[in-house]
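I opened the model to look at how two of its chains meet.

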Amino acid sequence: MSEAETLIPVTTRKDWTSDQEVRWCPGCGDYSILSAVQLLMPDLGIRREDVVFVSGIGCAARFPYYMNTYGMHTIHGRAPAIATGLALARPDLHVWVVSGDGDALSIGGNHLIHALRRNVNITILLFNNQIYGLTKGQYSPTSEVGKVTKSTPFGSLDHPFNPVSVALGAEASFVARTHDMDRKHMMEVFGRAFEHRGSALVEIYQNCNVFNDGAFSGITSKEQREEMLIPLRHGEPIRFGKDDAKGVILDPQRGAVIVDVADVGEEALLVHDESRGNAAVAFMLSRLARGPLEPTPIGVFRAVHRQEYGEAVNQQIADAHHSRGPGDLEALLRSGATWDVE
Amino acid sequence: MTTECAKGGAVSDTAKRARPVETLDRVVIRFAGDSGDGMQLTGDRFTTSSAVYGNDLATLPDFPAEIRAPAGTLAGVSAFQVHISDHDITTPGDAPTVLVAMNPAALRSQVGRVANGATIIVNVDSFDDRSLSKAGYDKNPLEDGSLDGFTVYEVPMTSLTKGAVQPLGVKPRDAERSKNFFALGLVSWMYTRPVERTLDWIEARFGKSPQIVAANIAAFKAGHAFGETAELFDHPYEVKPAPLPAGTYTNITGNTALAWGLVAASQLSGLPLFLGSYPITPASDILHELSKHKNFGVRTFQAEDEIAGIGAALGAAYGGHLGVTTTSGPGMALKAETLGLAVNLELPLLVIDIQRGGPSTGLPTKTEQADLLMALYGRHGEAPLPVLAPRSPSQCFEMAIEAARIALTWRTPVILLSDGYLANGAEPWLLPDVQDLAPIEVSFATEPNHVDAEGNASFWPYLRDPETLARPWALPGTPDLMHRIGGLEKEEGSGNVSYEPANHELMIQIRAAKVAGIAEHIPDVVVTGDVDRADLLVVGWGSTWGAIDGALGRVRQLGHKVAATHLTHLHPFPTNLGEVLKRYPKVLVPEMNLGQLAHQLRAEFLVDAKTVSKVRGLPFTASELEQAILDHLGGLL
């Protein structure tokens, strides 16, 4: 441990909690996500002043107000773009983006995929509740087909995005999923995302108890978890269910499929490898469930090393500085053809 | 071919000329050809030769939006106009006195612009039936007498170029491509331009391909020799150097001056420069130029869209960089929401709009000044911010610094309105002494500024400087100053989210007062011409300055009493503007829009400001404004 690290003050959750009253609806899944983040922070070995939470618009976007760090509540969908500028300008900071399914995947879809493909050093928490909460209950880009909402009285016609698939399609270097009913799992995944150099996207299944209550209870409730959540653990065969009776294999014809372990044998199971360069297997895993009604993988889908964008940007600057010396304004103004008038 | 050999041969310099040289005080030359003919390069090179020779000059590149419209058509004509002079000039000239037309389409599209009696040099090789018909000519204009009012020189540029270049082993098809250098050589001879630097430049520019260097030099020499030896031209002309103030000069376009001004602002403020930008004509050259200067610590970020461009710049500004975004009209529209956020966050940010013809895609490569009201008002809610506009290509340098000074001092987004004409137009620039540039003072918050009810020190992000009303700028990473900002209305002082009606009104008034207060810290407007007693005041802003200046001189020479003032600060206005406007019986406002500044002046000062409007994608000429001023003086309007 370096000297600088030893000087980092010991903190508790209270130190990371701002003086602002939390104003989410009682029972909102956002509370448990906030707790998980506030509880995680003291373990990360960082200073509060070096942390910035950047958010867009939506219920989730109020998050920065509740953290005793630097924070910026910006405009709808643009948080990844604003965070990109901040992260490039200030590589010394830990920049988090807090977003929702509408913010990140609808109005801000473009910024999300470009931040991910560039691999900017930001940690993105995507609160997915499959509904627009702040505008009081319209369907979102992750809502299921047929969903009846205020703006779709006859049912939604839109095919939904799967955020993990989208992120993998954008070749994100870190992609994970967790849910608001399991604090321990959230803290573990958030911690991994924080440690990752580059863009990290974590989808969090989050319950909106007012406009979309129970959207995930079919897989995340205590009674259902064992049979409905597929934990991904690096280096281990992918198994789930009572007595780990079920598993995932890579079938040459059908891709990743769920099987009874008894039918195929343990050796046939797919061993999870987060570090595969090719995102195809991770993508197949992301397609195992067509929605939160079928067995759904959670955990880290992909964690690969790729040069972080800000590092590359700053390397070019350092190289230019090294090869051409520090900028000389006088010389710049005289870099074209010049002539003297007596 | 070696360099020495390339530079030897037929190229002669002025001193050795056998024939007499006629001296002109000025000349306006327009090069026109197909988009692929290299007319911009030719014009640009002729300009540099003239600049280095010591002429005063102004240029007007005029090119189509299409990269390569069908060859030989009117749509594909690309032109470059340069005005060179032995005296101080401010415009690229009214009607060209010399037109170089590389094909029938160039002739047809440009002949209406040239002065009566002008010299027209055509590449006669391209006047075949097919090219004539593509240009829409039924008859050959070189034969039907339609050009009788001009002095026409028919020069077989294509065949002479091929003849000069093919012996070097260049393929016939490629050989023809050097014909713009033939034209450059010929015009360089006609106007006794120094040739050495052009030959050096060809080598530097095309150095990677020795054959192209050799071909272009051979074509240039052939053109030069043609002028010297052909009996076509009786004698060359000379435009003597202009008596400009002493010092070192360079030839500069508005976009380059802006880019350099931003680098200077970064150095003067000690803040790293961060440009977030999305490519758009005619602003992209600023991104290109800044991306070269990483050794100045400049970060250029080509964003996924216009919104991300300004967003990233704002994020960088929050982190303590000098955040800048560059764009043109369509991009400005997309940035409006983020500009509103920047107004609320009260962070410094520069937004540079290189205006072009609109609305929508409009005329992407042509100039206009129709974004003024958008810059002033184009945001939802009450979102005032300072708006500035440079008046000439070289003044873009100091206006970039001025915009940064205002943004950093008052913690506000600032819009700088340039336009396509300033962006691409060039003029000689007397280089400033870098040591004389005033530093921009920037202070960051380092300590708590408030004590809470329990007696604990805390930081209030909206506790303002009583003088400027700017809020403190606390950078992330500063211990003990953690705070949250955002687009929701803030409580004055504490910066907490507030929905209080009275607080919202107070904050709106404070933000407006903060921007209005900048007026006390900007220069007064200066009146030129018949300052003490004039019958009419011309008020301009932005790139119309050159044409207004030229027109004012002409009208005064006719014996009229007229004055002019030119605004570089459009919001807030200089404090003496109201008094100046009321001093003169008539106020005339030339603008490349339908009267946006006039609208502002009428609204703010209750003066009967009249508009002279031009929205043709082209700048005003001095003679157009001369006529407009005379019309208004005569009481006809």
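Contact first: I counted 50 residues of chain A in contact with 57 residues of chain B (C-beta atoms, placed from the backbone, within 7 Å). This is a predicted model, where local features need pLDDT of at least 70, side-chain atom pairs count only at pLDDT 80 or more, and totals for chains, interfaces and linings use all residues. Residues are numbered from 1 along each chain as its sequence is written, with chains lettered from A and ligands numbered from 1 in written order.

On the chain A side, α3(A) gives the largest share, eight residues.

β2(A) runs parallel to β19 (484–486) of chain B, joined by three bridges. M72(A) has I485(B) as its bridge partner. Elements are DSSP runs numbered from the N terminus: helices (H or I) of at least four residues, strands (E) of at least two. Pairing takes at least two DSSP bridges.

Then I traced a sheet in chain B. It is open, six strands, ordered β3-β4-β2-β5-β6-β7, with mixed pairing. β3(B) and β7(B) each have a single partner strand, so one side of each lacks a neighbour in the sheet. Inside the sheet, β2(B) and β5(B) pair in parallel over four bridges. F31(B) stands opposite V100(B) there.

Definitions and conventions: Two residues are in contact if their C-beta atoms, placed from the backbone, lie within 7 Å.
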